[in-house]
Amino acid sequence: MKLHGRHLLGLDGMPREDIQLILDTAVSFKEVLERPIKKVPPLQGKTIANMFFESSTRTRLSFELAERRLSADVVSFTTAGSSVAKGETLKDTARNIEAMKIDMVVIRHSAPGAAHFLSRVVNANVINAGDGSHEHPTQALLDMFTLREKHGSLDGLRVCIVGDITHSRVARSNIFGLKTMGAEVSVCGPATLIPREIENLGVKVYHRLEDVVQDVDALNVLRIQLERQQRGLFPSLREYHRYFGVTKEKLARATKPITIMHPGPINRDVEISADLADGEHSVILQQVTNGVAVRMAVLYLLGISN
Amino acid sequence: MKLLLKNGTLIDPVSGKDEMFDLLIVDGRIEKMGKSLSADKAAQEIPLKGKIVAPGFIDMHVHLREPGFEHKETIETGCRAAVAGGFTAVCCMPNTNPCIDDESVARYIQEKGKSVCEGIVDVYPIAAATKGRQGAELSPMAELVDAGAVAFTDDGSPIMSAEIMRRALEYSSMYGTPIIQHAEDSTLTHGGCMHEGFVSTRLGMPGIPPIAESLMVERDVTLVRYIPRARYHVAHISTRGGIAAVRAAKKEKLNVTCEVTPHHFTLTDEAVVGFDTNTKMNPPLRTREDVEAVKEALRDGTIDVIATDHAPHTIDEKEVEYTLAPFGIVGLETAVGLAITELVEPNVLSIVQLIEKLSTNPRRILSLPPIQIKEGERANLTLIDPTVEWTVDTQRFQSKSKNSPFHGRRLKGKAIGVINNGKFRLSQP
Amino acid sequence: MKRTKLIDAVGFRRTVSRLAHEVLERNKGADNLALVGIRTRGDFLARRLATMIADIEGKNVQVGSLDITLYRDDLRGRLDQPQLKSTEILFDLTDKVVVLVDDVLFTGRTVRAALNALMDIGRPAQIQLLVLVDRGHRELPVKADIVGKNVPTSLKQEIQVLMTEVDGEDAVFLVERDEDARETKEKQP
């Protein structure tokens, strides 16, 4: 049983069997993480480079942990003080790293398509850890794993993604992955932050949380970034929180408990109220745990298939 | 030089001829024209059975990059590409360094054009409408016209200010030179790198909304309506909205014309999936509906001209992340092939209409004398094989840069030679 | 392909009974004992042994199942990737006497992987190896402590163990093949 491609660039077009395989494999790795010795040997002798052109502590840590627990050798590269700061192109950076015989590359970059570009330029397996607003496949995979753990199955599950959809790679990957697995997906946010023709992805669009809460099993709450406000995309954080923030009052009319998710880091009391983030239906911390297991599954499946 | 063009089909929109004619060309002039001219031992015979003899093609939107960006292209390599593509004339854009906002630069380019490729390609500079293309002050238009400029534009950038566009239209109307507008409201296109629509949503890419073009065309048409004798031409039109505005303006008999690039009647924004930067240009590739509107507009005459917007960039410049790559692709060497394959073959345009778009109309818009194909006149001709099937190989381009999305594409029809200024070139097969 | 039945259903039950008694004899009872079966058939075998030991001794013995896929030495570059199953050892292995149970002992590589896996999970006081059939051809220095049946084989032969839980019947077959048995061994889940 193996994945169809050599890379994990995104969930757009990924076959259902592949997503299923990754989620099922992650179950075994979650068990490994319960052991006193949280290490297994399948990627021994493999070298993995983490190329993070955008700063991100948690995703990078999660990948590093996953890589080391599979016994791989890890090198990390972040932009501060790097050759990129000295003007080296992505192509040259990648070629240099490959010349050092790296087997797999995990890349996070601010440009959409950066991981695709890299996969054309190097021989290593490429894993997209976030390319601009395009995709963040491992985040969506761990989100789906968490939902499946909590609700049993993704088929017919109703999930709403809340926030700045236009600029969110987490939103896109979740939409592609959840739709493939048979879930019903909707988005909710200010009209200025919902991209054009998103309904053509099979997604319902809402602008008020109150309209969604009676028909949804889970909310995936996205972080809102201040820079968007400065570009005229919404008036103020206060207005955002009052009308689009996920709070107990807005969820009052729900007929059953709603699972609360967030990719982190959380802006408490901006996009989500603190009591919900820490509440009994929040799976935010499980997402973090599951993140390591899911990333181990992805690295394992790609790493042994050469 | 003595050439006998035998058995070619002469298609000349100016005289209305569309039949087999032999031409004897001596020292750059058409000495004899008739049916079945007898062989002349001193003349080089060019067999053209099944081929077309047309008035020389002109590409009125080319970036020759010299002076200032010679690593991408030079006037010489650009002219070689023009010849390979079947063009006897090109108009070069002013976004050089220094830009063509001063007569010295305009003269330099014209002189250089005469000295390369044995002078077979006429190079007409299009000068900047504003100083430094900054959009703030008018450039010295009268001087530039005297130095050979045939039109004015800030292409690369739009003329954003309505006031400046008004003054440019007024001032240049004295000389009969058109103002060519790169129609884009740049306040709407902040950071955009592809058409804003379903594909850009799917790819998470910042988009260029189609209304950025149509809004600007509509605004400019309002100005043209207000200014007597204004001449206005929309560069590389790409949207239904922009085309509709031009069609309405023509209905009112305003002097509004426009051009389209071959990639805008061939590719859609779907081509961007996969992030190949050879699909990145401005205006961007649009939707299927826009491509249909372009073809309809070519058919009904709303679009007057096919011009390539030939924009060379080096491999290092293009092989980067999509959002960082410069806009533009080369086009001189694929224009005729794409036009015949995508327009003539499916009966969107007849071959006569195609020749109008590539020769007659652009010359008229730029007030260049029409090419007369008759005895005594100077020979300025493009030779075409309308049926040859060939595969585009960017490595064999004459252009210094190879940034084209059409590598490997099968095309039907090709320009096979040009005759101009007493010189003659047959393209490599 | 020639197939000879070596052990039938009745023989199977008697062998398993004898193995359960041997475990108890060797360890002087069931104190501090744990059985860990290597998936898939080793796992079912371990569970049957545990039930028998409980019948004989009146004591319940802990049972766990071990999936050794992550520890295999032949993981990479295989055309067909083995399905990763989960390991379930819900008790502490440390200081216990672990009896590792598998259906067939052949090259010894599976046992080597199982030993590595067990060591990563805990620190047993002792590990003993119990197999239903030992067919020879060791490639690593591994020896079984308790054996159901010794069956000398050639490399062109294969031992097929069928168990009711998986295959609907209990039996052990000797199968003649054309190609080297080491390649075909892997196809058994």
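The model is predicted: local features need pLDDT of at least 70, side-chain atom pairs count only at pLDDT 80 or more, and totals for chains, interfaces and linings use all residues. Residues are numbered from 1 along each chain as its sequence is written, chains are lettered from A and ligands numbered from 1 in the order in which they are written, and side-chain values use heavy atoms, with hydrogens and water left out.

**View 1. Where chain B meets chain A.** Chain B brings 19 residues to the contact and chain A brings 21 residues (contact means heavy atoms within 4.5 Å). Together the two chains bury about 1,700 Å², with 58% of it on carbon and sulfur atoms. Buried area is the accessible area (1.4 Å probe) that two parts lose on being put together, summed over both. Phe198(B), Thr201(B) and Glu321(B) supply 33% of the area that chain B buries against chain A, more than any other three residues. Seven residue pairs, both at pLDDT 80 or more, are in polar contact between chain B and chain A. A polar contact is a pair of N or O atoms within 3.5 Å; within protein, one must be able to donate a hydrogen and the other to accept it, and residues adjacent in sequence count only if both atoms are side-chain atoms. Helix H5 (198-203) and helix H9 (315-318) of chain B are the elements that give two or more residues to the side of chain B that touches chain A. H5(B) gives the most, with four residues. Helices (H or I, at least four residues) and strands (E, at least two) are DSSP runs, numbered from the N terminus. By class, this side of chain B has seven nonpolar, six polar and six charged residues. Ala, Val, Leu, Ile, Met, Phe, Trp, Tyr, Cys and Pro count as nonpolar, Asp, Glu, Lys and Arg as charged, and the others, Gly among them, as polar.

View 2. Cys99(B) is buried, at 10% relative accessible area (buried means under 20%, exposed over 50%, partly exposed in between, with a 1.4 Å probe and protein chains only). For Cys117(B), the closest cysteine sulfur is in Cys79(B), at 5.2 Å, again too far for a bond. Cys117(B) is buried too, with a relative accessible area of 8%. Over all chains the count of disulfides is zero (a disulfide is a pair of cysteine sulfur atoms within 2.5 Å).

**View 3. Salt bridges between chains B and A.** Side chains of opposite charge can pair when their charged atoms come close. A salt bridge is a side-chain nitrogen of Lys or Arg within 4 Å of a carboxyl oxygen of Asp or Glu. Four salt bridges cross the interface of chain B and chain A. In one, Arg202(B) meets Asp12(A) at 2.8 Å, N to O. In another pair, Glu319(B) and Lys91(A), the closest N and O atoms are 2.3 Å apart. Glu319(B) lies in the loop between H9 and helix H10 (335-344) of chain B and Lys91(A) in helix H3 (residues 90-99) of chain A, so this pair joins two chains. Glu319(B) is partly exposed at 34% relative accessibility, whereas Lys91(A) is buried at 9%.

**View 4. A salt bridge within chain C.** Arg26(C) and Asp145(C) form a salt bridge, with closest N and O atoms 3.2 Å apart. The pair links distant parts of the chain, 119 residues apart. Arg26(C) sits in helix H1 (residues 9-26), and Asp145(C) in the loop between strand S5 (126-134) and strand S6 (146-150). Arg26(C) is partly exposed, at 42% relative accessibility. Asp145(C) is partly exposed as well, at 29%.

**View 5. Asn420(B) in its strand.** Asn420(B) belongs to strand S18 of chain B and is buried, at 3% relative accessibility. Thr88(B) is 332 residues away from Asn420(B) in sequence, yet their C-alpha atoms are 6.4 Å apart.
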